[in-house]
Amino acid sequence: MSSHSDASTAQAPDTPRAATTSFDALGLIPELLRAVTEEGYREPTPIQAKAIPPILQRRDVMGCAQTGTGKTAGFTLPLLQLLAPHANTSLSPARHPTRVLVLTPTRELAAQVEESVRAYSKYLPLRTAVVFGGVDIGPQMKQLHTGVEIVVATPGRLLDHLHQKSVNLSRVEFLVLDEADRMLDMGFIPDIKRILAHLPPRRQNLLFSATFPEEVRRLAKELLHAPVTVEVAPRNAPADLVTHEVHLVPELRKRALLCHLIRSRDMRQVLVFVRMKRDANRLARQLKQDGIIAKEIHSDRTQVERMEALDEFKQGKVPVLVATDIAARGLDIEQLPFVINYELPHTPEDYVHRIGRTGRAGMPGEAISLVGPEEIRFLEEIERLLKRKLPRAATPEIRSETRPSHRPREPRHERAERHAPRHQQPPSRPAAPGFDYSKPYEPSPSQKPAGPEPVAPSRRGPVRPTAALLGGKREPHK
Ligand code: AMP
């Protein structure tokens, strides 16, 4: 690894022209222009306009940009162009040495990057493989043995391949570290250093990170030679397209409020954040008990389960995805309208990452935070980072009968009510604005029995009680 602590750092100009350049003017070859046109990209995003030229000039780049800015194409397109002279259709593995290595912190991000590389390289005979843990290593080994120019990998599984000698990195010319700050958070820096020992010292290095804590700066200093720094705000900076809404709510009422928000706002695709894996499991289970289809996604679930949950969410089959910060990193969900912070993150930067999942592709998004009394200090830290106070919403007066599953005791009549057969329970409807939750539930004569399965809010059939669960009465369906 080359050490360049005295490396000079050039700043890519942040000119209006940079943002309006066409892909053509960036000097991309026809095969790539055709691929980006087919992807529907009309012009480069700011990070692409800034990163593509120096990468094509074989400069090292330090990119300050988060997922959602178009950074994947920002590094992939120029790298594919630099690889183009090597593109060939030979069947011999020797003609396809690995020349590009992209390291990502999560399996989801690795899979997404690989998907993008495939899309952008479809008119070039170059081979790509993705390797990550949690799935059978055999097929990956087989694919690597055939020879692949581009390897996208998470560090742990790549080390397994290196130990088993199923991948040879001695001819890597380009290294990309994607989401370096998250690599750091996830403790991958030692693994990365082990991987670097397998790479030739002379190569072009690109490092992308949303934030630059001291350790990432140190890594960048060790890794990058005279880097060009490119920096952009998130494609839609928090202030631009995302509406923030804070509900100050006691911990015990969060679940009922969450159900209420999902139903009353007819949320058909919402990413709900919690901090711990076990909380993701519990909340998804509770939502299902409350009649809302939900799945959880976190690092203890198998890769197949995570991919399945994500696919179902993207297709709109599962309206609620409960995620931890790590599992949600790099998730690219186009036009996600809602993000709910069921718990605030303890690091303010994570709030920015979380809300970066919404308000993308020019679509407005809402970031709603349920903030318990213990979390006020985290809210204040977020506000300090964003340099503004987030608007507090008038939280509906909800009397919760939704109990946390670990609650030790509950009055007998409530237990009986919760365990009553579904058909004896009042059906759920989102309450109308201004609905009086303080009154006891009064079933209407027209109420129908509830269906046997939890139903997505988008297919609002009769589901379990909202107003009733919340201690209110049923309103006619809107
Ligand atoms: P990324 O930050 O690389 O994860 O990209 C986020 C999203 O932006 C992906 O869905 C890309 O398909 C999309 N994207 C990338 N570049 C462009 C572009 N120039 N124009 C429109 N969309 C883009």
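# Note on the predicted model: strands, helices and the ligand shell

1. Start at one pair of residues. Val339 lies opposite Ala367, a residue of strand 14. Keep in mind throughout that this is a predicted model. Strand 13 covers residues 338-341 and strand 14 covers residues 365-371. The two strands pair in the parallel sense, over 4 bridges. Asn341 also has a bridge partner in strand 14, namely Ser369.

2. The overall picture comes next. The protein holds 18 helices and 14 strands. Of its 478 residues, 48% are buried.

3. Which way do the side chains of strand 13 point? Phe338 and Ile340 go one way, while Val339 and Asn341 go the other. Both sets are buried. Strand 13 also pairs with strand 10, again in the parallel sense and over 4 bridges. There, Val272 has Ile340 as its bridge partner.

4. Strand 14 is mostly covered, with 7 of its 7 residues buried. Gly365, Ala367, Ser369 and Val371 point one way. Glu366, Ile368 and Leu370 point the other way. Strand 14 has another pairing to note: strand 9 (residues 242-248) runs parallel to it, and 7 bridges join the two. In that pairing His247 stands opposite Leu370.

5. Helix 13 spans residues 277-289. The buried residues of helix 13 are Ala280, Leu283, Ala284 and Leu287. They sit on the same side of the helix, because they cover an arc of only 100 degrees around the axis. What do they pack against? Their partners are strand 10 (270-273), strand 11 (294-297) and strand 12 (320-323). Just past the end of helix 13, Gly291 has a positive phi of about 90 degrees.

6. Helix 5 (residues 107-120) passes the length check too. Its 14 residues should span 20 Å at 1.5 Å a residue, and its end C-alpha atoms are 20 Å apart. How many of its residues are buried? The count is 11 of the 14, so helix 5 is largely enclosed by the rest of the structure. The buried residues include Arg107, Glu108, Gln112 and Glu114, as well as Leu109, Val113 and Val117. They pack against helix 2 (30-39), helix 4 and helix 14 (303-314). They also pack against strand 3 (100-103), strand 4 (128-131) and strand 5 (150-153).

7. Strand 4, one of the elements packed against helix 5, is covered on both faces. Thr128 and Val130 are buried on one side. Ala129 and Val131 are buried on the other. Strand 4 pairs with strand 5 in the parallel sense over 4 bridges. Val152 in strand 5 is the bridge partner of Val130.

8. Now the ligand. The shell around it has 13 residues, of which Tyr41, Thr67, Gly70, Thr72 and Ala73 come nearest. Where does the largest share of the shell come from? Helix 4 (residues 71-83) supplies it, with 3 residues. By type, the shell divides into 7 polar, 3 nonpolar and 3 charged residues.

9. Helix 4 also holds Leu82. Is Leu82 buried or partly exposed? It has 17 C-beta neighbours inside 10 Å; a buried residue needs 20 or more, so Leu82 counts as partly exposed. Leu82 and Leu56 are 26 residues apart in sequence, yet their C-alpha atoms are 6.9 Å apart in space.

10. Val61 belongs to strand 2 (residues 61-64). Why is Val61 classed as buried? The reason is that 26 other C-beta atoms lie within 10 Å. Val61 and Ala226 are 165 residues apart along the chain, and 8.4 Å separates their C-alpha atoms. Setting aside neighbours within four places in sequence, Val61 contacts Ala51, Pro54 and Ile55, and also Leu206, Pro227, Val228 and Val230.

Note on methods
Residues are numbered from 1 along each chain as its sequence is written. This is a predicted model: local features need pLDDT of at least 70, side-chain atom pairs count only at pLDDT 80 or more; totals for chains, interfaces and linings use all residues. The expected span of a helix is 1.5 Å times one less than its number of residues. A residue is buried if 20 or more other C-beta atoms lie within 10 Å of its own, exposed if 12 or fewer, and partly exposed in between; C-beta atoms are placed from the backbone. The arc is that of the directions from the helix axis to the C-beta atoms. Two residues are in contact if their C-beta atoms, placed from the backbone, lie within 7 Å. Two strands pair if DSSP finds at least two bridges between them. A residue is near a molecule or strand if its C-beta atom, placed from the backbone, lies within 6 Å of it. Ala, Val, Leu, Ile, Met, Phe, Trp, Tyr, Cys and Pro count as nonpolar, Asp, Glu, Lys and Arg as charged, and the others, Gly among them, as polar.
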